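Hi,

Here is the structure I promised to pass on.

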Amino acid sequence: MSEIDVCVVGMGYIGLPTSVVLAGTGWRVHGVDINEHVVEILSQGIATFEEPGISVALKDSIATGNLTVSSSPLTSDVYIIAVPTPINEENQPDTSYIKSAVESIAPLAKHNDLFILESTSPVGTTEMIRDILLDIRQDLKTAKLYFAHCPERVIPGSMMKEIISNDRVVGGYDAQSAELASNLYRSFCQGEIHQTDARTAELTKLTENSFRDVNIAFANELSVVADHLGVNVWEIIELANKHPRVQILQPGPGVGGHCIAVDPWFLVASAPGKSPLIRSARLVNDSKPGFVIDKIAERIRKSGHSSLAVLGLTFKANVDDLRESPSVSIVEQLASEFPEVAVSVVEPYIKALPQTFVAFDNICLATLESALANEQLIVLLVDHDIFKSIPHHVLFAKDIIDTRGLWKELGV
Ligand code: SAJ
């Protein structure tokens with residue numbers, strides 16, 4: 001019998017919450033990460049990112065001994081792979097982290113083990129995992145092994161709630177794999193478990209995020225059209241959404257995060273030339289930061305501002321996550337296009353500016369108070385709750401670019 005029940009490979013944004021929830025349910029979990037610093041921090045019961053509820057749950061799991069963390073996998077009956085699946089510069093999926101994860105657990109694999117892929121992946125990846133494993137462990141070719149894809153669905157900011165409450169899609173390499181994986185998820189998930197095959201689960205996950213990307217692209221394109229026509233996009237959306245079958249999302253400075261901005265490319269790559277709409281949506285969303293930069297540049301040139309404040313740097317509201325954040329690229333491009341303009345970044349969720357900003361001596365991290373006291377041009381890039389509390393009389397006196405519609409009632 002194994003000393004642990006579940007070995008989770010990858011202790012990032014999905015592996016960590018999954019591990020602590022499994023450990024809290026009573027499973028003996030071992031988390032693995034190649035980053036020694038992450039291992040050290042987590043072993044002390046300290047979370048590597050901010051997420052409501054995660055710190056307490058992690059401390060408890062470490063204290064009870066139900067969760068251990070190290071840089072090497074331990075023999076288990078269940079392995080969950082939750083590693084990054086990025087895209088390369090040609091927008092092609094990079095599954096190298098998955099391959100490495102499989103290589104790391106292959107020596108431990110044995111008869112009756114269950115291998116679950118949580119990472120969002122191109123169609124066919126679950127089968128690929130089986131192929132890689134059996135290629136390394138040819139001795140297991142006649143053994144019974146189980147493989148399933150159980151894509152994560154949690155939204156940053158509400159992960160610990162959604163990991164319990166969301167329905168889950170569980171796609172098995174075969175029916176037994178789906179059943180075994182479902183049993184594990186049923187132990188902590190209060191939502192429904194929907195069983196299917198692995199390829200359907202893979203495409204379902206890509207479909208969910210592509211659907212959202214396309215809908216955000218609609219809102220972003222509309223904002224460009226409305227701007228061209230001199231009409232307030234926030235009012236249009238509010239009015240259009242009064243129709244019982246219209247539900248337009250919110251425009252913004254672009255789409256960030258490691259999911260919506262990436263996953264649709266997996267779908268596009270899975271069926272080359274077959275998804276012009278999803279591809280266009282990606283391009284529309286990726287073009288939005290450029291539109292915002294042009295707006296700011298126009299304002300700087302017209303008004304002659306020599307400095308400005310940017311409110312928010314994370315990829316969305318109330319999280320500390322900078323991955324693929326359009327705000328980061330907007331600030332970088334502004335700083336480079338206007339070296340003589342000082343950019344004060346207000347981002348309450350970070351303690352230090354990203355490393356890439358070191359190249360610019362005209363970017364600094366500022367408090368909200370000092371930015372409002374010293375800057376005339378205010379660019380809102382992220383609708384953090386804290387920015388909602390800025391008194392309107394303070395804003396009325398400013399030159400404002402609001403990319404999120406946070407202050408739509410001011411008519412800016
Ligand atoms: N955004 C807008 N306008 C909107 C909504 C979002 O501009 O109306 C922007 C956000 O500011 C952000 C980006 O889109 O930059 C993505 O944010 P999000 O809140 O839509 O999604 P994520 O990336 O935080 O999480 C998504 C979720 N997927 C869906 O809602 C279909 C989550 O459930 C997934 O688990 C997650 O991707 C994932 O990991 O795949």
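Let's start at the ligand: helix 8 (residues 198–229) gives the largest share of the shell around it, five residues. Helices here are DSSP runs of H or I with at least four residues, strands are runs of E with at least two, and both are numbered from the N terminus.

Before going on, a word on the model: it is predicted, so local features need pLDDT of at least 70 and side-chain atom pairs count only at pLDDT 80 or more, while totals for chains, interfaces and linings use all residues. Residues are numbered from 1 along each chain as its sequence is written, and side-chain values use heavy atoms, with hydrogens and water left out.

In total, 21 residues surround the ligand, and the closest are Glu152, Lys205, Arg212, Gln250 and Cys259. The shell splits into nine nonpolar, four polar and eight charged residues. (Nonpolar covers Ala, Val, Leu, Ile, Met, Phe, Trp, Tyr, Cys and Pro; charged is Asp, Glu, Lys and Arg; the others, Gly among them, are polar.)

Where does the ligand lie? Domain 1 (6–191) and domain 2 (231–410) both give residues to the shell, so the ligand lies between them. Those domain bounds come from an automatic or database assignment.

Now for some polar contacts, meaning pairs of N or O atoms within 3.5 Å. A backbone N or O atom of Arg153 is 2.7 Å from a ligand oxygen, and a polar side-chain atom of Asn209 also lies 2.7 Å from an oxygen atom of the ligand. For Arg404, an N or O atom in the side chain is 2.8 Å from a ligand oxygen. On its own the ligand exposes 770 Å², and the protein buries 88% of that (Shrake-Rupley areas, 1.4 Å probe).

Eight strands make an open sheet with mixed pairing, in the order 3-2-1-4-5-6-7-8; two strands pair if DSSP finds at least two bridges between them. Its edges are strand 3 (67–70) and strand 8 (193–197), each pairing on one side only. Strand 2 (residues 29–32) runs parallel to strand 3, joined by four bridges, and Val32 has Ser70 in strand 3 as its bridge partner.

Another open sheet has five strands in the order 11-10-9-12-13, with parallel pairing. Strand 11 (363–365) and strand 13 (399–402) are the edges here. Five bridges link strand 9 (residues 307–311) to strand 10 (residues 342–346), and Ala309 stands opposite Ser344 in strand 10.

Cheers

Terms used:
A residue is near a molecule or strand if one of its heavy atoms lies within 4 Å of it. A polar contact is a pair of N or O atoms within 3.5 Å; within protein, one must be able to donate a hydrogen and the other to accept it, and residues adjacent in sequence count only if both atoms are side-chain atoms.
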